[in-house]
Amino acid sequence: MAHENPLLTATPILDFGAAPIAQLIDGRGWRDLSDTDKIGAVYDFVRNEIAFGYNRADDIPASEVLSDGYGQCNTKGTLLMALLRGVGIKCRIHGFTIHKGLQRGVVPELVYPIAPEEILHSWIEVELDGRWINLEGFILDSAFLKILQSSFADRENLCGFGAGTDCLSAPPVEWNGQDTYIQETGIVQDFGTFDTPDVFYAEHEQKFGRLRGWLYRNIIRHWMNARVRAFRAGRLKPDASVAHQHEGETHAA
């Protein structure tokens with residue numbers, strides 16, 4: 001019997017066999033689409049039907065991300081990978097760190113100084129027609145991005161509120177068979193590619209420390225999610241703390 005392709009397998013984190021994910025795939029009819037349209041449909045679902053927000057940890061299973069209904073770069077990426085593999089599309093994870101300035105505005109200023117200087121980050125690489133395509137533009141849902149664009153209409157270069165881009169008015173976030181990005185300019189370290197998030201998170205974890213980790217899981221992330229909701233609703237106005245892109249925050253290709 002042939003070995004299963006490692007870029008299509010399920011794992012404890014990529015649990016696309018879980019009932020909610022399997023039912024979602026069946027209900028949407030994604031398996032009946034062409035490969036290009038499979039990627040596009042799954043990508044659009046994760047981008048816009050899973051809102052931008054902060055889960056309890058990076059290494060939670062895809063089914064929990066789906067249940068939460070929100071996620072950030074790493075967790076939305078997990079769900080994207082699970083759905084892609086569930087419809088037969090090969091994919092892998094590319095790990096990085098980003099500068100904490102990219103989260104400024106979402107992270108409350110009171111706790112921003114104690115945030116790690118570098119934050120664990122990832123995007124997803126998908127195989128299509130024999131080439132690898134980078135997918136990162138799914139992190140911010142379109143409704144949140146539109147508010148961000150209107151709030152910073154006077155600039156193109158932004159590092160803050162979950163965005164790291166030098167083309168804020170028209171970032172490459174729509175699926176058209178090419179790379180998509182929304183946090184590319186905030187990258188600091190490049191850890192390379194991994195077949196599964198399970199392996200990536202076994203080797204790399206957010207450098208919170210015990211106390212900061214507890215504070216993040218139980219207090220700070222809820223505060224951050226409240227700020228995201230307030231920003232969506234127009235109750236939170238950006239201030240001068242969200243500056244233009246920091247020097248040295250360039251893409252590590």
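A: What follows describes the aromatic pairs of this model and then turns to one helix contact. The model is a predicted one, and a search of the whole structure finds 12 aromatic pairs in it. One of them joins F96 and W123, whose ring centres are 4.4 Å apart and whose planes stand at 50 degrees, a tilted arrangement. Because F96 belongs to strand β3 (residues 91–99) and W123 to strand β4 (residues 118–128), this pair ties together parts that are 27 residues apart in sequence. F96 is buried, with a relative accessible area of 0%, and W123 is buried as well, at 2%.

The pair of F191 and F200 is also tilted, since the ring centres lie 6.5 Å apart and the planes meet at 45 degrees. Here F191 counts as partly exposed, at 25% relative accessibility, whereas F200 is buried, with a relative accessible area of 0%. Elsewhere, ring pairs link F52, Y54, F144, F152, F161 and F231 into a cluster.

Turning to the helices, the axes of α1 (residues 19–28) and α4 (residues 73–86) come within 10 Å and cross at roughly 60 degrees, and the two helices are therefore oblique to each other. The crossing of α1 past α4 is right-handed, and the contact is made by I21, L24 and I25 on the α1 side and by L79, A82, L83 and G86 on the α4 side. Among the residues of this contact, six are nonpolar, one is polar and none is charged.

Notes. Residues numbered from 1 in each chain as written. Predicted model: local features only at pLDDT ≥ 70, side-chain atom pairs only at ≥ 80, totals over all residues. Heavy atoms only, no water. Axes fitted to C-alpha atoms, helices over the stretch in contact; angles between N-to-C directions. Helix = DSSP H or I, 4+ residues; strand = E, 2+ residues; numbered from the N terminus. Parallel < 35°, antiparallel > 145°, perpendicular 65-115°, else oblique. Left-handed = near helix turned anticlockwise from the far one by under 90°. Contact = heavy atoms within 4.5 Å. Nonpolar A, V, L, I, M, F, W, Y, C, P; charged D, E, K, R; others polar. Phe/Tyr/Trp six-rings, centres within 6.5 Å; stacked < 30°, edge-to-face > 60°. Buried < 20%, exposed > 50% of the residue type's maximum accessible area, 1.4 Å probe, protein only.
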